[in-house]
Amino acid sequence: MLKYQKQPLICNFALRIDSVDMLNIISTYPMDFFESIELSFDLFDDFIATLQSKFDHFSNLKNVIIDMNINQALINNIVSQTKAIKDNFCYELANQLDQLPSKFNKIVLKFDFDEAMRNKQYSNNLHKLLKNIISLTSIKRQIIIPLTIPANDNNVFNFAHNFVKNFELPLMLSLDISPQKLINEQSDYLAYFQTLKYYFSLVTITYDHSFTQRLKKKNLIPIIEELQSQQYSETISLAVANTNKDELENIISKYQSNFSKVLTELNTKNCL
């Protein structure tokens, strides 16, 4: 009897662009492995200008995911404001979304699921607010709300699962994972990938350069292997935090190499 063989992981790899330095780097960095971009909305105009001036360089670009990057205090508090303030927020946000090219159809909004889990009224208000935003946009897009691993409270993954499962309009999750923060934790974090397997469309792996412990290939393998087992076909993004512009390109190159090696090893192993 033939042994079951896992399918190769086929997805997009992206870079998170959240600074002018990162934008300047990708204007010359080969975009063959990182075929997609997770872009901060603050840099949208600069990105479009770069795209137009170097169109051939980005000819293989498959997708651009827009992180609206709304002030965290504002986006956390808006859910509890008066109807008039919330309506104004929804109209303004919907108008911003409608100005974006229709092919940029994935939008990240960092609402607070921790507060929604603790507060039933906040959860109901968040549900209504999201429905209002989606209904007001003339171009239908997928709204993505991030969850962070490790989390402040691991119950948030079950809560998010139920929230999205019972939402009537297109709403998905992203998983923003910091493997360096998990090294010394006893955390079965891959179980959360299982819990949310039908409801996340973006995985961002954050590499924090301020950590003394580097993000090694062995820390990527469990994540990639779990996604491979789920036949994940969306986007894996690399985010680099707390580094200077002189180190950025070397870091990107190094972790492109690590991602490539992990994929090759896993795909080779599963074909044996």
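D67, M68, N69, I70, Q72, I75, V108, L109 and K110 line the largest cavity. This is a predicted model, where local features need pLDDT of at least 70, side-chain atom pairs count only at pLDDT 80 or more, and totals for chains, interfaces and linings use all residues. Residues are numbered from 1 along each chain as its sequence is written, and side-chain values use heavy atoms, leaving out hydrogens and water.

**Cavity**

- A cavity is a set of points on a 1 Å grid over the protein atoms alone where a 1.4 Å probe fits but cannot get out; lining residues have an atom within 4 Å of a point.
- The structure holds one cavity of 30 Å³ or more.
- About 40 Å³ of space lies in the largest cavity; a volume is the space filled by probe spheres set on the points, which are joined across faces, edges and corners.
- Its lining has five nonpolar, two polar and two charged residues.
- Ala, Val, Leu, Ile, Met, Phe, Trp, Tyr, Cys and Pro count as nonpolar, Asp, Glu, Lys and Arg as charged, and the others, Gly among them, as polar.

**Pockets**

- A pocket is an open set of grid points with protein on both sides within 12 Å along at least five of seven lines.
- The largest pocket has a volume of about 450 Å³.
- 23 residues line the largest pocket, and K110, F111, P146, L147 and T148 lie nearest its centre.
- Helix 3 (72-77), helix 5 (113-118), strand 5 (142-149), strand 6 (171-177) and strand 7 (200-208) each give two or more residues to this lining.
- Ten nonpolar, seven polar and six charged residues make up the lining of the largest pocket.
- The second largest pocket has a volume of about 240 Å³.
- Its lining residues include I48, L51, F55 and F58.
- Helix 2 (44-53) and strand 3 (63-67) are the elements that give two or more residues to the lining of the second largest pocket.
- That lining divides into eight nonpolar, two polar and two charged residues.

- Helices (H or I, at least four residues) and strands (E, at least two) are DSSP runs, numbered from the N terminus.
- Strand 5 and strand 6 run parallel and are joined by seven bridges.
- L147 has L175 in strand 6 as its bridge partner.

**Salt bridges**

- The structure holds nine salt bridges, each a side-chain nitrogen of Lys or Arg within 4 Å of a carboxyl oxygen of Asp or Glu.
- One of them pairs E38 with R16, whose closest N and O atoms are 3.3 Å apart.
- E38 lies in strand 2 and R16 in strand 1 (residues 12-17), so the pair ties together parts that are 22 residues apart in sequence.

**Backbone details**

- A cis peptide bond joins I149 and P150, with omega about 5°.
- P150 sits in the loop between strand 5 and helix 7 (156-165).
- Q231 is not a glycine, yet has a positive phi of about 55°.
- The loop between helix 10 (217-229) and strand 8 (235-241) holds Q231.

Methods. Two strands pair if DSSP finds at least two bridges between them.
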